Amino acid sequence: MQIWVDADACPVVIKEILFRAAERKRLVTTLVANQSLRVPPSAFIKTLRVQAGFDVADNEIVQRCEVGDLVITADIPLAAEIIAKGGQALSPRGELYTPNTIKERLNMRDFFDTLRSSGIDTGGPAALNQRDRKAFADELDKILARV
């Protein structure tokens, strides 16, 4: 198993949790972004810089992800593609997307897109809090325990 991180929007605190997990479990963890990233020196932590552009990082992750790999992303369409490919997708808030839940999340995303395009302000997600961090770390530990 390899871990892929949709790193452009991934919170720093989540990256730090992933860095510790990569070292502890000796798992290759690759952060994919369209900008340079700072990561600690490690044989297990890598970066992959892609061209700037719409969904370029997402497409690279989908192309490289293999069955059983784990992708960290808040991007619902990316998570859906990963699940369809046989991978696992985990949000930075600790939600493990499943074939059943991803359909619901895609529908909600589309609904909110429709509202926004009609001029309704739907707001954004709440700031990541301590409970979210713990939920992420706990779910990541469950996944990694199976490795």
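## The loop between H1 and E2

Arg26 is found in the loop between H1 and E2; helices (H or I, at least four residues) and strands (E, at least two) are DSSP runs, numbered from the N terminus. Phi of Arg26 is near 60 degrees, a positive value in a residue other than glycine. Most residues other than glycine have a negative phi. Arg26 is exposed, with a relative accessible area of 60%. Here buried means under 20% relative accessible area, exposed over 50%, and partly exposed in between, with a 1.4 Å probe and protein chains only.

This is a predicted model, in which local features need pLDDT of at least 70 and side-chain atom pairs count only at pLDDT 80 or more, while totals for chains, interfaces and linings use all residues. Residues are numbered from 1 along each chain as its sequence is written, and side-chain values use heavy atoms, with hydrogens and water left out.

A positive phi also occurs at Asp55, where the value is near 65 degrees. Asp55 is found in the loop between E3 and H2 and is partly exposed, with a relative accessible area of 30%.

## The sheet

Six strands form an open sheet in the order E3-E2-E1-E4-E5-E6, with mixed pairing. Two strands pair if DSSP finds at least two bridges between them. E3 and strand E6 (96-97) are the edge strands, each pairing on one side only. Strands of a sheet pair through backbone hydrogen bonds, either parallel or antiparallel.

E1 and E2 run parallel and are joined by four bridges, with Ile3 opposite Thr29 in E2. E4 and strand E5 (residues 88-90) also pair in the parallel sense, over three bridges, and here Ile72 stands opposite Leu90 in E5.

E2 is mostly covered, as five of its five residues are buried. From this strand Thr29, Leu31 and Ala33 point one way, whereas Thr30 and Val32 point the other way.

## The nonpolar cores

A nonpolar core is a set of buried Ala, Val, Leu, Ile, Met, Phe, Trp, Tyr and Cys residues joined through side-chain atoms within 4.5 Å. The largest such core has 22 residues, of which Ile3, Val5, Leu18, Ile72, Phe136 and Leu140 touch the most other members. At least two residues of this core come from each of strand E1 (3-6), helix H1 (12-25), strand E2 (29-33), strand E4 (70-72) and helix H5 (130-145). H1 supplies the largest share, six residues. Apart from this core lies another, of 11 residues, among them Trp4, Leu48, Ile61 and Leu78.

Contact means heavy atoms within 4.5 Å. Leaving aside its neighbours within four places in sequence, Ile3 is in contact with Leu18, Leu27, Val28, Thr29, Thr30, Leu70, Ile72 and Leu144. H5 lies across E1, E4, E5 and E6, and runs at about 160 degrees to E5. Axes are lines fitted to C-alpha atoms, for helices over the stretch in contact, and angles run from 0 to 180 degrees between N-to-C directions.

## Helix H2 and its surroundings

In helix H2 (residues 56-64), the residues Ala57, Asp58, Glu60, Ile61 and Val62 are buried. The buried residues of H2 pack against E1, E2, strand E3 (45-49), E4 and helix H3 (76-84). Asp58 counts as buried at 8% relative accessibility. Beyond its neighbours within four places in sequence, Asp58 is in contact with Asp6, Asp75 and Leu78.

The axes of H2 and H3 come within 10 Å and cross at roughly 10 degrees. That makes H2 roughly parallel to H3, since angles under 35 degrees count as roughly parallel, over 145 as roughly antiparallel, 65 to 115 as roughly perpendicular and the rest as oblique. Asp58, Ile61 and Val62 of H2 make the contact with Leu78, Glu81 and Ile82 of H3.

## Cysteines

A disulfide is a covalent bond between the sulfur atoms of two cysteines. It is identified here as a pair of cysteine sulfur atoms within 2.5 Å, and by this rule the count comes to zero disulfides. The sulfur of Cys10 is too far for a bond because the closest cysteine sulfur, in Cys65, is 16 Å away. Cys10 is buried, with a relative accessible area of 7%, and Cys65 is buried as well, with a relative accessible area of 2%.
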